[in-house]
Amino acid sequence: MNDTIVLPLTVFIVDDEPPARNRLKDLLADCAAQLSLQLVGEAGNGQEALDKLADTPAEVVFMDIRMPQMDGIELARHLNKLDHPPVIIFTTAYDGYAIQAFEQRAIDYLLKPIRLGRLFDALSRARDAV
């Protein structure tokens, strides 16, 4: 008998638009039936995310690109300097930042409006990368 315990994948959301955060939370809840997930926090900009992630680390960070105070690319640079950097998945309405995103070792780049199937695929890859 195999009693392997699968710990939930810890997820953090960074987006300056509350409706976008809420939509992503709804989609993550839909994915949770097949993938064990735990939302550990959210932030409205990169600086707030850095502060919160220092106290509550996450394995996967979904982040928007264009945000006030600190954009997603700069946030990714900071996160990649950590001893155990999270898996980064960008969620944005802008397709022009993809190269910069992948230069920051993003595992995926989801264009808004985010589709459930694409989100599930990104989470599956993130699970494999953790």
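**Helix packing and buried residues**

Modeller: Helix H1 crosses helix H5 in a right-handed manner (right-handed if the near helix is turned clockwise from the far one by less than a right angle, left-handed if anticlockwise). Helices (H or I, at least four residues) and strands (E, at least two) are DSSP runs, numbered from the N terminus. This is a predicted model, in which local features need pLDDT of at least 70 and side-chain atom pairs count only at pLDDT 80 or more, while totals for chains, interfaces and linings use all residues. Residues are numbered from 1 along each chain as its sequence is written, and side-chain values use heavy atoms, with hydrogens and water left out.

Biologist: Which residues of H1 and H5 make the contact?

Modeller: H1 contributes Leu24, Leu27, Leu28, Asp30 and Cys31, and H5 contributes Leu116, Leu119, Phe120 and Leu123. Contact means heavy atoms within 4.5 Å.

Biologist: At what angle do the axes of H1 and H5 cross?

Modeller: The axes of H1 (residues 18-31) and H5 (residues 116-129) cross at roughly 70° and come within 10 Å. Axes are lines fitted to C-alpha atoms, for helices over the stretch in contact, and angles run from 0 to 180 degrees between N-to-C directions. H1 and H5 are therefore roughly perpendicular to each other (65 to 115 degrees counts as roughly perpendicular).

Biologist: Now to H3. Which of its residues are buried?

Modeller: In H3 (residues 72-80), the buried residues are Gly72, Ile73, Leu75, Ala76, Leu79 and Asn80. Buried means under 20% relative accessible area, with a 1.4 Å probe and protein chains only.

Biologist: Why are they said to line one face of the helix?

Modeller: Seen down the axis of H3, the buried residues fall within an arc of 160°, so they line one face. The arc is that of the directions from the helix axis to the C-beta atoms.

Biologist: And what do they pack against?

Modeller: The buried residues of H3 pack against strands E1 (9-14), E3 (60-63) and E4 (87-92), and against helices H2 (46-55) and H4 (98-103).

Biologist: A change of topic: is Arg21 buried or exposed?

Modeller: Arg21, which lies in H1, is buried, with a relative accessible area of 14%. Beyond its neighbours within four places in sequence, Arg21 is in contact with several residues, including Asp15 and Gly44.

Biologist: Where does Asp15 lie?

Modeller: Asp15 is in the loop between E1 and H1, and counts as buried at 3% relative accessibility.

Notes:
Angles under 35 degrees count as roughly parallel, over 145 as roughly antiparallel, 65 to 115 as roughly perpendicular and the rest as oblique. Buried means under 20% relative accessible area, exposed over 50%, partly exposed in between (1.4 Å probe, protein chains only).
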